[in-house]
Amino acid sequence: PPAPPAEYNFAHDLMQRNAGRAARAALIDDHGQLTYGELAEQVQRMAAALQSLGLRREERVLLLMHDCNEWIVSFLGGLYAGIVPVCLNTLLTAEDYAYMLRHSRAQAALVSEPLLPTLESALAQGPHEIQHLVVPRPSEGLSSRSGLPVLALDALLARQAPLTQPVPTLADEAAFWLYSSGSTGRPKGTVHTQANLYWTAELYAKPVLGLTEADTVFSAAKLFFAYGLGNALSFPLSVGATVVLMAERPTPPAVFARLTGRTPTLAGRKPTVFYGAPTGYGGMLAHPDLPPRSEVALRLCSSAGEALPRDIGERWTARFGAEIIDGIGSTEMLHIFLSNRPGDVRYGTTGKPVPGYEVELRGEDGLSLPPNADGSIDIGDLYVKGPSAALMYWHNREKSRDTFRGEWTKSGDKYSRDAEGYYTYAGRNDDMLKVSGIYVSPFEVEATLVQHPAVLEAAVIGKTDSDGLVKTKAFIVLKPGHVLSEDEVKAFVKERLAPYKYPRFIEFVEELPKTATGKIQRFKLRDLEAH
Ligand code: 3SK
């Protein structure tokens, strides 16, 4: 595909591509539908609305919403006006948001009403520059204890004249941020350009997934994840497809209702493409209400977030006929760069590099590992090169330098390659765990566990369950004379961290294995689990 011109606005590009599809359904959420014509107009009104609130090009606006049509209107409206949406994970705590408010210096927040109380606690925790809160479909008389004005998104849009010309942004201009978490330290504000959205759609969605305007797509992964953003925004809107959006958690019953077109707004329309994560596929296959093949219309499924166990892929395909295309991407590369291909799926592997990207396996000396005589490559650190890499982590030179190395980006994953060129996941090279496709730092969970008055020490590792999926396990040493139940431990963590970070397995032990200098030897605990 050709590189976009130096002056390039992704939202405007989408409008031009879809100019001939004004009457076709673009978005269907829990409340209703927006056609491509309506979407374009709303985006232009949103751009004007953000400007009317005093936001200027390159300033940031927080986007903290459950998936809905307004999420996409807000994101694209920001891009159209050169205003930078900072897309936040809706599952985090007030402490997390307080940091992001300070770090991003966002000037306004677009927030779903159920998330407002947590954001208000964050606003109360320290300095921030938020001047307006904008809420889609607020309840009557909604106000904020922060004292900031609360504006109803619909009314705000209705007052604007659409901005008919986009702000002339550059292809390389900072367009939006996603926060990425690491094993230590604060989340990193990953800054992406206008062109990066174009590249992931051109290199992955069209040639690998073969998305077309005939598709109706549905992503269990939410829009605030890089995976969900491509799945349910940039990919389908690049080809004129229809997107199904769901605000609630992707439980098996909620996903089944969409796959079978059974919600009131879908009225029988069934997704042809579904994107999920391995835990979600495993949960659905085990659920008693799993629909029969005749009730769904899937032609293709996608998986990312963690390696898809072979058995889950095989059972899903046996049930529905559709293959699951497993791939790996990253927040830093915006989407998938190594992937299986429809018609060439090797379950248990992550497939081959996506054309347009190059990958390299490097040894501990940082040099590319040479292939063995049969063409295979032993386990090494995965590096990737491609046009959708982020610019940097905002205000974090050290971590930016460590990850973005010239044309190459360090993924933090370990991989091997077989003689036929298929890549297989071999773990992380930091201590990060991926649980249900979301990063969890064992150190953060340990630091929370030891805050409990009965806990002396704790160590957290990943434990592979019977489906081959990684779950967190905590080993806990109690203070003498104290007792604690597993449920109490789980509740304690859930109250203090984003709830998905709580340990799924708990074992109380007398002591933890340590080095002579007192460092916890997590590898010994991992070995114990494995045998
Ligand atoms: O987890 C992944 O593999 C992934 C895929 C696409 C985009 C972002 C991520 C982290």
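Tutor: Gladly! Let's begin with a cut-off: buried means under 20% relative accessible area, exposed means over 50%, and partly exposed lies in between. Keep in mind that this is a predicted model.

Student: Why is Lys-206 called partly exposed?

Tutor: Lys-206 has a relative accessibility of 27%.

Student: What makes Lys-206 and Glu-202 a salt bridge?

Tutor: Their closest N and O atoms are 2.7 Å apart. The rule asks for a Lys or Arg side-chain nitrogen within 4 Å of an Asp or Glu carboxyl oxygen, so the pair qualifies. Glu-202, at 13%, counts as buried because the cut-off is under 20%. Both residues also belong to a network of salt bridges with Asp-13 and Arg-17.

Student: Why is the contact of Glu-70 with Arg-137 called a salt bridge?

Tutor: Here the closest N and O atoms are 3.4 Å apart, and the limit is within 4 Å, so this pair counts too. The two lie 67 residues apart: Glu-70 is in helix H3, and Arg-137 is in the loop between strands E6 and E7.

Student: Which accessibility labels do Glu-70 and Arg-137 get?

Tutor: Glu-70, at 10%, is buried, whereas Arg-137, at 42%, is partly exposed.

Student: How do you know that Glu-446 is buried?

Tutor: Its relative accessible area is 8%, under the 20% cut-off, so Glu-446 is buried. Glu-446 meets Arg-522 in a salt bridge at 2.7 Å, N to O.

Terms used: Residues numbered from 1 in each chain as written. Predicted model: local features only at pLDDT ≥ 70, side-chain atom pairs only at ≥ 80, totals over all residues. Heavy atoms only, no water. Helix = DSSP H or I, 4+ residues; strand = E, 2+ residues; numbered from the N terminus. Buried < 20%, exposed > 50% of the residue type's maximum accessible area, 1.4 Å probe, protein only.
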